[in-house]
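Student: I'd like to learn how to read a model like this one. Could you take me through it feature by feature?

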Amino acid sequence: MISYFVAIFFRIIYLIIIIVVLLSWIRIFDTRKEPLATIMKIYNIIMAPFKAVIPPIGMFDISPLIAIIVLEFIEQVLCRVLLSMGL
């Protein structure tokens with residue numbers, strides 16, 4: 001049961017990352033207004049460690065892609081451990 005909530009939590013994080021990446025391509029939205037301001041705050045908290053380690057390649061920032069891959073790995077490990085414990 002807990003593993004189900006962990007999976008949903010990670011899906012929400014992936015969705016936030018994808019929304020911000022797509023919005024970065026379309027500059028018509030003001031990210032200082034709600035609810036985008038909250039989404040941006042969450043995104044910045046999640047991406048801070050990745051952006052500190054992974055520099056942009058030219059004009060491309062691959063840190064969201066790396067973040068999704070790393071977070072997916074963490075999710076799989078957590079869910080397997082929780083399921084093996086019967087949670």
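Predicted model: local features only at pLDDT ≥ 70, side-chain atom pairs only at ≥ 80, totals over all residues.

Student: What share of contacts joins residues at least 24 apart?

Tutor: A contact means heavy atoms within 4.5 Å. Taking contacts between residues at least 6 apart in sequence, 60% join residues at least 24 apart.

Student: Now the packing. At what angle do helix 1 and helix 3 pack?

Tutor: Axes are lines fitted to C-alpha atoms, for helices over the stretch in contact, and angles run from 0 to 180 degrees between N-to-C directions. Under 35 degrees counts as roughly parallel, over 145 as roughly antiparallel, 65 to 115 as roughly perpendicular, and the rest as oblique. Helix 1 and helix 3 pack at about 175 degrees, with axes 9 Å apart, and are therefore roughly antiparallel to each other. By class, the contact of helix 1 with helix 3 has 18 nonpolar, 1 polar and 3 charged residues.

Student: What goes into those classes?

Tutor: Ala, Val, Leu, Ile, Met, Phe, Trp, Tyr, Cys and Pro count as nonpolar, Asp, Glu, Lys and Arg as charged, and the others, Gly among them, as polar.

Student: And how do helix 1 and helix 2 pack: at what angle?

Tutor: Helix 1 (residues 2–25) packs against helix 2 at about 110 degrees, their axes 10 Å apart. That makes helix 1 and helix 2 roughly perpendicular to each other. On the helix 1 side you'll find I13, I16, I17, V20 and L23, which meet L36, I39, M40, I42, Y43, I46 and M47 in helix 2.

Student: Which residues do helix 2 and helix 3 use to meet?

Tutor: Y43, I46, M47, F50 and K51 in helix 2 meet S63, P64, I66, A67, V70 and L71 in helix 3. The residues of this contact divide into 9 nonpolar, 1 polar and 1 charged. Helix 2 (residues 36–53) and helix 3 (residues 63–84) pack at about 95 degrees, with axes 10 Å apart, and are therefore roughly perpendicular to each other.

Student: Which residues lie nearest the centre of the largest pocket?

Tutor: First, the general idea. On a 1 Å grid over the protein atoms alone, a pocket is an open set of points with protein on both sides within 12 Å along at least five of seven lines, a 1.4 Å probe is used, and lining residues have an atom within 4 Å of a point. Here the largest pocket is lined by 15 residues, of which V20, V21, S24, W25 and R27 lie nearest its centre. Helix 1 gives the most to that lining, with 5 residues. The lining divides into 11 nonpolar, 2 polar and 2 charged.

Student: Is E75 buried or exposed?

Tutor: Buried means under 20% relative accessible area, exposed over 50%, partly exposed in between (1.4 Å probe, protein chains only). E75, in helix 3, counts as buried because its relative accessibility is 2%. Leaving out residues up to four places away in sequence, E75 touches A7, F10, R11 and Y14.

Student: What about S3 and V53, buried or exposed?

Tutor: S3 counts as buried at 9%, whereas V53 counts as exposed at 67%. Beyond its neighbours within four places in sequence, S3 is in contact with C79, L82, L83 and L87.

Student: Last one: which peptide bond is cis?

Tutor: The bond from E34 to P35, with omega near 0 degrees. P35 lies in the loop between helix 1 and helix 2.

Definitions and conventions. Residues numbered from 1 in each chain as written. Heavy atoms only, no water. Helix = DSSP H or I, 4+ residues; strand = E, 2+ residues; numbered from the N terminus.
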